[in-house]
Amino acid sequence: MKKLLLSCLVLAASLAAQAQELSFETAKFHFGDNPEWKNKNFDDSSWMNMNTIRRWDEQGHAGHLGEYGWYRIHFNPSELLKTSDTKSSL
């Protein structure tokens, strides 16, 4: 039992050491709320690019405070995770 617990702890420490943090500073964005926007094949090409780490009012959209908005982020996990030295921020 002790060996199993020790093995689990070693495995968990190993996985934690390999964990990667992904940061997406910009995303496609649109004000409003529409369930269709969740669909993988939804065309968001007309949406604006918005900084995800700054408030809306800091980006010239103070008039929309209190409204809903959707962010859509496109990425390919297999490309991001191909190597262990993938940068932590994209």
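Colleague: Where is the place of Asp-33?

Modeller: Asp-33 sits in the loop between strand 1 (26-31) and strand 2 (48-51); strands are DSSP runs of E with at least two residues, helices runs of H or I with at least four, numbered from the N terminus. This is a predicted model: local features need pLDDT of at least 70, side-chain atom pairs count only at pLDDT 80 or more, and totals for chains, interfaces and linings use all residues. Residues are numbered from 1 along each chain as its sequence is written, and side-chain values use heavy atoms, with hydrogens and water left out.

Colleague: Is Asp-33 buried or exposed?

Modeller: Asp-33 is exposed, at a relative accessible area of 53% (buried is under 20%, exposed over 50%, partly exposed in between; 1.4 Å probe, protein chains only).

Colleague: Which side chain does the side chain of Asp-33 join in a polar contact?

Modeller: That of Trp-70, at 2.8 Å; a polar contact is a pair of N or O atoms within 3.5 Å, where within protein one must be able to donate a hydrogen and the other to accept it, and residues adjacent in sequence count only if both atoms are side-chain atoms.

Colleague: And Asp-44, buried or exposed?

Modeller: Asp-44 lies in the loop between strand 1 and strand 2, and counts as buried because its relative accessibility is 7%. Its side chain makes polar contacts with the side chains of Arg-72, at 2.7 Å, and His-74, at 2.7 Å.

Colleague: Changing topic, where does Phe-75 lie?

Modeller: Phe-75 is in the loop between strand 3 (69-72) and helix 2 (77-80). Phe-75 is partly exposed, with a relative accessible area of 43%.
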